Amino acid sequence: FSGGWRPLSTWLSAIADIGTTVLVRRGRAGRDIAIVAPSDAAASEHLIEVAMAVTPEDASLVIFTALEVRPWIERLQSATGRKIRVEPRPAEVQGVVARLRRLAPGLIAIDATENPAVRHALLEGTRGDLLIVT
């Protein structure tokens, strides 16, 4: 197939409906990691910790969140030395997808409890690997 179009397979759609940790590899080269954090503080911290554990130490992280996590992120950044940037999470899913398209990260991490519409939009609208964490 030419261009950026690719058929959406049935197994790819099914991945968005499960509740276990899954890595969808799509072969996107890139060192940046984007984390779309949930609104629950404990789940958000768990997602960030898992994403940091499975990615290279020299990769920079961008965390999209509606929470006030700056104090926790500053402590984490000083403890690990990782480059971490926090951005406000857009309220609408298309805003999240549009921002991720511009950022073009190699990995996008989301919580398994994320809204299914958000998971499907990220699967269909982005090209980076997708890590769905329980």
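Contact here means that heavy atoms lie within 4.5 Å. In this predicted model, the buried residues of helix α3 pack against α2 (41–53), β3 (61–65) and β4 (84–88). An open sheet of six strands, with mixed pairing, has the order β1-β6-β5-β2-β3-β4. The largest nonpolar core has 20 residues, and a second, separate core has 19 residues.

**The sheet**

- The strands of the open sheet follow the order β1-β6-β5-β2-β3-β4, and its edges are formed by β1 (22–24) and β4, each of which pairs on one side only.
- From one strand to the next, the twist averages 20°.
- Strands β5 (residues 107–111) and β6 (residues 129–133) run parallel and are joined by five bridges.
- Within β6, Ile-132 is the residue that stands opposite Ile-110.

**The nonpolar cores**

- In soluble globular proteins, nonpolar side chains tend to be buried together.
- Of the 20 residues in the largest nonpolar core, Ile-35, Ile-48, Ile-63 and Ile-73 have the most contacts inside it.
- At least two residues of this core are supplied by each of β2 (33–36), α2, β3, α3, β4, β5 and β6, and α2 gives the most, with four residues.
- Neighbours within four places in sequence aside, Ile-35 is in contact with Leu-47, Ile-48, Ala-51, Leu-61, Val-62, Ile-63, Phe-64 and Ala-109.

**Helix α3**

- Helix α3 spans residues 70–80, and its buried residues are Trp-72, Ile-73 and Leu-76.
- Viewed down the axis of α3, these buried residues fall within an arc of 95°, so they line one face of the helix.
- Glu-74, Arg-75 and Ser-78 are exposed residues on the face of α3 that is turned away from the buried side.
- After α3 comes Gly-81, whose phi is positive, near 75°.

**Thr-55, in the loop between α2 and β3**

- Thr-55 is found in the loop that lies between α2 and β3.
- Buried means under 20% relative accessible area; Thr-55 has a relative accessibility of 10% and therefore counts as buried.
- A polar atom of the Thr-55 side chain lies 2.8 Å from the backbone oxygen of Ala-51.
- The side chain of Thr-55 is also joined to that of Arg-82 by a polar contact of 3.0 Å.
- When neighbours within four places in sequence are left aside, Thr-55 is in contact with Ile-33, Arg-82 and Leu-107.

- Ala-112 is found in the loop between β5 and α5 (116–125).
- With a relative accessible area of 11%, Ala-112 is buried.
- Although Ala-112 and Ile-132 are 20 residues apart along the chain, their C-alpha atoms are separated by 5.4 Å.
- The N-terminal end of α5 is capped by Asn-115, which has a side-chain oxygen 2.7 Å from the backbone nitrogen of Ala-117.
- Val-118, Arg-119, Ala-121, Leu-122, Leu-123 and Gly-125 are the buried residues of α5.

How values were computed
Residues numbered from 1 in each chain as written. Predicted model: local features only at pLDDT ≥ 70, side-chain atom pairs only at ≥ 80, totals over all residues. Heavy atoms only, no water. Buried < 20%, exposed > 50% of the residue type's maximum accessible area, 1.4 Å probe, protein only. Arc of directions from axis to C-beta. Polar contact = N/O pair within 3.5 Å; in protein donor to acceptor, adjacent residues only side chain to side chain. Pairing = 2+ DSSP bridges. Axes fitted to C-alpha atoms, helices over the stretch in contact; angles between N-to-C directions. Core = buried A, V, L, I, M, F, W, Y, C linked by side-chain atoms within 4.5 Å.
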